[in-house]
4 protein chains.
Amino acid sequence: MRKNMRGRPRSRASQEAVLRAAVELLEEQGFTAMTMEGIAVRAEVSKQTVYRWWSSKSEVVVEALSTGYFPGGLPIMQHSGEGRDDLRADLRAWLDAMRESIACEADASLTQAVLVALAGGSERSAAVHEWLVMPMREALERRFIAHDQRHPGTLAGPPEFLAELLAGSLLLRLMFAEPTSSQWVDQLLDFVSPAPLRRPLE
Amino acid sequence: MRKNMRGRPRSRASQEAVLRAAVELLEEQGFTAMTMEGIAVRAEVSKQTVYRWWSSKSEVVVEALSTGYFPGGLPIMQHSGEGRDDLRADLRAWLDAMRESIACEADASLTQAVLVALAGGSERSAAVHEWLVMPMREALERRFIAHDQRHPGTLAGPPEFLAELLAGSLLLRLMFAEPTSSQWVDQLLDFVSPAPLRRPLE
Amino acid sequence: MRKNMRGRPRSRASQEAVLRAAVELLEEQGFTAMTMEGIAVRAEVSKQTVYRWWSSKSEVVVEALSTGYFPGGLPIMQHSGEGRDDLRADLRAWLDAMRESIACEADASLTQAVLVALAGGSERSAAVHEWLVMPMREALERRFIAHDQRHPGTLAGPPEFLAELLAGSLLLRLMFAEPTSSQWVDQLLDFVSPAPLRRPLE
Amino acid sequence: MRKNMRGRPRSRASQEAVLRAAVELLEEQGFTAMTMEGIAVRAEVSKQTVYRWWSSKSEVVVEALSTGYFPGGLPIMQHSGEGRDDLRADLRAWLDAMRESIACEADASLTQAVLVALAGGSERSAAVHEWLVMPMREALERRFIAHDQRHPGTLAGPPEFLAELLAGSLLLRLMFAEPTSSQWVDQLLDFVSPAPLRRPLE
DNA sequence: ATGTAAACGAGACGGTACGTCCAGTCTTCCG
DNA sequence: CGGAAGACTGGACGTACCGTCTCGTTTACAT
């Protein structure tokens, strides 16, 4: 049984041009300053075509960001490798990357843009939460769980809590462009995994 | 040396009416939907009078919130009293209050509104950070410090870190209306002060 | 020599549906308010099919009206019959019918619509003139000529002039929904044929 | 008792610029092609200012025309002068002027524009009738009455009828750009005032 | 008491973007 | 190929606020 697709099919070129334009303008002007009209002009597409597929600015932005048009994206926690399992090193690498993101104008404005995008209503709120907050939280959580399995009892608390606390703190700092010092990172590392790297020294 | 104050003095009534109107509209419509024009109408004041004293919507909102026109405000951590010093009980009380705030539509939308208000520029960002984030963080910090002085070594980490992590996590949950369970609160308590209140009982 | 007619032949059903829809919408909404899109929808025909055969709204309307889809049409002057030749009676009958048309909302708005349809350019102007003005003028003229042949010298002026003046006056009244009284009709009759029917009575 | 006029007064400059722009565009593009947006741009006025005072294109045009922004206007019947009283000469002069108007592109398109303007509704219809039809009719009527008083019994009919018939015929010819020959004018003169130039021959 | 001067209300102004509508064209599939 | 469906560009629509600008009015201090 085939599906009967009458009428001119949706133009992939237009769709992509809009999302690309949205990200460009988001970086250049920020969420509040960018306009639907501007997106259409930049994408060389009629305004009607934008409104046909997205009903608001935030919908365009959310789709653009959540389908990978975000140039780079926030740093995600990496696992150090097969044989190695150095949580402390992995965390430090990630926190350093986050430190750059916080200092980076573009990243900060993108985060703010996303926040503004969610201000409209709870539907959007959920989308943003799923796209911005959850990935960071989950990446951290997976890493913590892995570490906990290999070195039981060396974490300061349940993996999901550590993940949530860390994510919350970092996102808030990102939002307010509150820089993180290397000292702060050290303290954080000690806090999350106090034992594993200290005990050997004893 | 006297200051020469010619001309009609600023009307306190107008000033208050504007701030009151701003808060009302913030609750009713959210930050994005409310307008300077709407504020003027609601306050029964001419638009020019609003612009004479505040140059933008976010300035009005920030002043309104930071001078106490915020109806209620977020719960703040209380100290259990002179003789007593039960961190666990104080934290639980505060976390329960936060749980209600998170569930409360008005509080969540106000928090979102405030966060959005900062999206415009870094000047505002600082004001919001100072008004919204710092108070929570500092209240927690003070409490943790007090506890640490009485019961050294029983905190899971440096007071300022615990404060920041907790504040970050809670604000993020508030922002996204992510509810907190009592189970979650229990785990959090165990996490923050694992030993001090339990071990002595053993 | 046969003409080679390849492909699917033009659908008569579609053509008629379009013209019918055009007249319906003309009556319901007037010329300005009706749209090509609306015609297509009402006729249950694709927009392209409309554009394939008519290049503009006024073309559709003009064809619809000039091929008899006009419901009713303006009253036309009748000849009283073979043996009889009462110009005065015929004129009175026709003027009474026109009086009703002028009072009739639908007729007036249709006339206005047709006039508006010509506003675009001179091509259309000619078509409308031919369809709306000429018939009335010619019917009157024929009648006046017939009368003049039987009763020479009893008309107030050359037949073609009387016809033009009458048609002009009546169409203008129709256009502006300016009602005609029976008194006005009397005066008009006296004016057109002052002597022929009165003097003999003296 | 003074009238309290609060608020910034209406700008006469803007008002005039809009009406002037409307007439210019009417001549250049015709009624259908001109747009509210175009009027605003041409008048160097914001679109909102146009809509503040006129709710539609036809309102602007009608006001522009009825307050004298019409460049020239249709020719009006003149009285030949104090001592003289030559209706025939006056009529001939006016009909010659009308002949030029009919041939003139600008005049014809203006007349058509006015017609289109009235198509919207009966409110406008009345305004147009008052501005376009009545003046012509009344000027003719006044002249006929004057002539009738001096030379009773020399007119082909009641002054008001002659006026209406003439106006109707001429306006319809103007509308459809149907030219008038000098021969036609002669016949018309004979028709309107059969006696004055005929009787001497008797 | 009488200026003088700033704050006030009212509201018009030039703008910008909104979100909708329709004109025409183009692209795809079906009969 | 004709026709139905419907996406496309383009541009005007009428509205909502923006932030600025006159106005006439009010209110307090300074003569």
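What rotation superposes chain B on chain A? In this predicted model, the turn is 179°, with a shift of 0.1 Å along its axis and an RMSD of 0.4 Å.

Chains C and D can be treated in a similar way. Chain D can be laid on chain C by a turn of 180° and a shift of 0.1 Å along the axis, with an RMSD of 0.4 Å. These two copies are thus related as by a two-fold rotation axis. Here too the same surface serves both copies: 100% of the contact residues of chain D recur in chain C.

Now for a look at where chains C and D meet. Helix α9 of chain C, residues 182-192, packs against helix α8 of chain D, residues 159-175. Their axes lie 11 Å apart at an angle of about 85°. Because angles of 65 to 115 degrees count as roughly perpendicular, α9(C) and α8(D) are roughly perpendicular to each other. The residues that make this contact are set out below.

| Helix | Contact residues |
|---|---|
| α9(C) | W184(C), Q187(C), L188(C), F191(C) |
| α8(D) | E160(D), F161(D), L162(D), E164(D), L165(D) |

Finally, a word on an annotation. An unreviewed UniProt entry lists residues 35-54 of chain A as "DNA-binding region". In the model, that stretch of chain A is 75% helix and 0% strand, and its end C-alpha atoms are 13 Å apart.

Key
Residues are numbered from 1 along each chain as its sequence is written. Chains are lettered from A and ligands numbered from 1 in the order in which they are written. This is a predicted model: local features need pLDDT of at least 70, side-chain atom pairs count only at pLDDT 80 or more; totals for chains, interfaces and linings use all residues. Side-chain values use heavy atoms; hydrogens and water are left out. Copies are superposed by least squares on the C-alpha atoms of residues with pLDDT of at least 70 in both. Contact means heavy atoms within 4.5 Å. UniProt positions are given in the numbering used here, feature names are shortened, and annotations may be inferred rather than shown by experiment. Helices (H or I, at least four residues) and strands (E, at least two) are DSSP runs, numbered from the N terminus. Axes are lines fitted to C-alpha atoms, for helices over the stretch in contact, and angles run from 0 to 180 degrees between N-to-C directions. Angles under 35 degrees count as roughly parallel, over 145 as roughly antiparallel, 65 to 115 as roughly perpendicular and the rest as oblique.
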